[in-house]
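These are my notebook entries on a single model, kept in the order in which I looked things up. The structure comes first and the notes follow.

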Amino acid sequence: MKPDLTIGSTAHKELLCREFIDTHEPYEVATLRWPELDTSSLERLQTLPFWDEAVSTEHATAAKVKAQAALEHDALMRQAVALQGYEEERHSALINALLTQYQITVPPRPPAPLPPNIEWAFLRTEYGECFDSFFAFGLFALAKDSGFFPPALVTRFEPVMQEEARHILFFVNWLAYRRAQTPLWRRPELLLRRLLAMTVQAWSRLQTARGMATDDFTMKGHESFSADLSPRDFLHRCLQENERRLSQYDRRLLRPRLVPTIAQTLLRVLR
Ligand SMILES: [Fe+2]
Ligand SMILES: [Fe+2]
């Protein structure tokens, strides 16, 4: 429990929703200006292997988060979750705008139908965000420092990174609030669902990482930005960035702990 705030209380709910709503950045993708890229930057951008996955993930996430918003009984909570759905949709639109701007073509993928159990899908998606965001923060910082992308393009995607930090902060607090609101006799069921969602998502990330190791990005993405960076340095950078991005919000809110703890444990065993 953090000072002056009981997790699961009405004050906690109001703080977690207000912090999320008040830190929302209003911008329209259609009005954004894109920088001119030199030939080598453009080639680097066009050959990145993840555009297809990025567009469809953001699109699917938006659909699931919006569906979860419709399930929320509390008006403030509904507003906050719906705002997250809007931001996810904006991420998808932003990537689409980039693809159009720099003539990157991805094979069309039909949108996946919404799963029947929305809350389960939301839990899985958000655990996925906790894994992805942690590593994305580190990769983004490396891309910025190494000049892999021109600064103007880095600036364009900076709000997306910070939005993901807000999303995972919101999720861990949403989950803690939800747990506190669940009657004692139903908490084991909630815990089981959480553990399952976490495990399924961790497993699927591991599979993706294994699959992508062959095309040298997820596992070795950091090497694309900085050849002499060790996995240890990379994890260290992810932890630093995670702390920096999340430290901007009210100290009384809970912080995501799972992935940073795994990373800290790995740091202890990695040479
Ligand atoms: Fe997103
Ligand atoms: Fe997100």
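**Entry 1: helix H3**

I began with H3, whose 21 residues reach 31 Å from the first C-alpha to the last, close to the 30 Å expected at 1.5 Å a residue. The expected span is 1.5 Å times one less than the number of residues. Helices (H or I, at least four residues) and strands (E, at least two) are DSSP runs numbered from the N terminus.

I note here that this is a predicted model, in which local features need pLDDT of at least 70, side-chain atom pairs count only at pLDDT 80 or more, and totals for chains, interfaces and linings use all residues. Residues are numbered from 1 along each chain as its sequence is written, and chains are lettered from A and ligands numbered from 1 in the order in which they are written.

I then listed the buried residues of H3: Val55, Glu58, Ala60, Thr61, Ala62, Ala63, Lys64, Val65, Gln68 and Ala69. A residue is buried if 20 or more other C-beta atoms lie within 10 Å of its own, exposed if 12 or fewer, and partly exposed in between, with C-beta atoms placed from the backbone. H4 and H5 are included in what covers these buried residues of H3.

**Entry 2: His59 and Ala60**

I looked up two residues that lie in H3, His59 and Ala60. His59 counts as partly exposed because it has 19 C-beta neighbours inside 10 Å. Ala60 has 20 other C-beta atoms within 10 Å and is therefore buried.

Leaving aside neighbours within four places in sequence, I find His59 in contact with Ser92 and Pro111; contact requires C-beta atoms, placed from the backbone, within 7 Å. From C-alpha to C-alpha, His59 and Arg90 are 9.0 Å apart in space and 31 residues apart in sequence. For Ala60 and Thr100 I noted 20 Å in space, C-alpha to C-alpha, and 40 residues in sequence.

**Entry 3: H3 against H5**

Two packed helices are described by the angle between their axes and the distance between the axes. H3 and helix H5 (residues 118-146) pack at about 130°, with their axes 9 Å apart. Axes are lines fitted to C-alpha atoms, for helices over the stretch in contact, and angles run from 0 to 180 degrees between N-to-C directions.

H3 and H5 are therefore oblique to each other (under 35 degrees is roughly parallel, over 145 roughly antiparallel, 65 to 115 roughly perpendicular, the rest oblique). At this contact, Thr61, Lys64, Val65, Ala67, Gln68 and Leu71 of H3 meet Ile118, Glu119, Ala121, Phe122 and Thr125 of H5.

The 27 residues of H4 (residues 75-101) should span 39 Å at 1.5 Å a residue, and the 38 Å between its end C-alpha atoms agrees. Its buried residues include Met77, Gln84, His91, Ser92 and Leu98. The buried residues of H4 pack against helix H1 (10-22), helix H3 (51-71) and helix H6 (151-181).

In the loop between H4 and H5 I found Gln103, which has a positive phi of about 50° although it is not a glycine. Gln103 counts as exposed because it has 8 C-beta neighbours inside 10 Å.

**Entry 4: confidence**

The protein chain averages a pLDDT of 89, and 90% of the residues score at least 70. The predictor's confidence in each residue, pLDDT, runs from 0 to 100. Among the elements of the chain, H1 has the highest mean pLDDT (98) and helix H8 (residues 221-225) the lowest (58). Over residues 215-219 pLDDT stays under 50. Where pLDDT is low, the predicted coordinates should not be read in detail.

Key. Contact = placed C-beta atoms within 7 Å.
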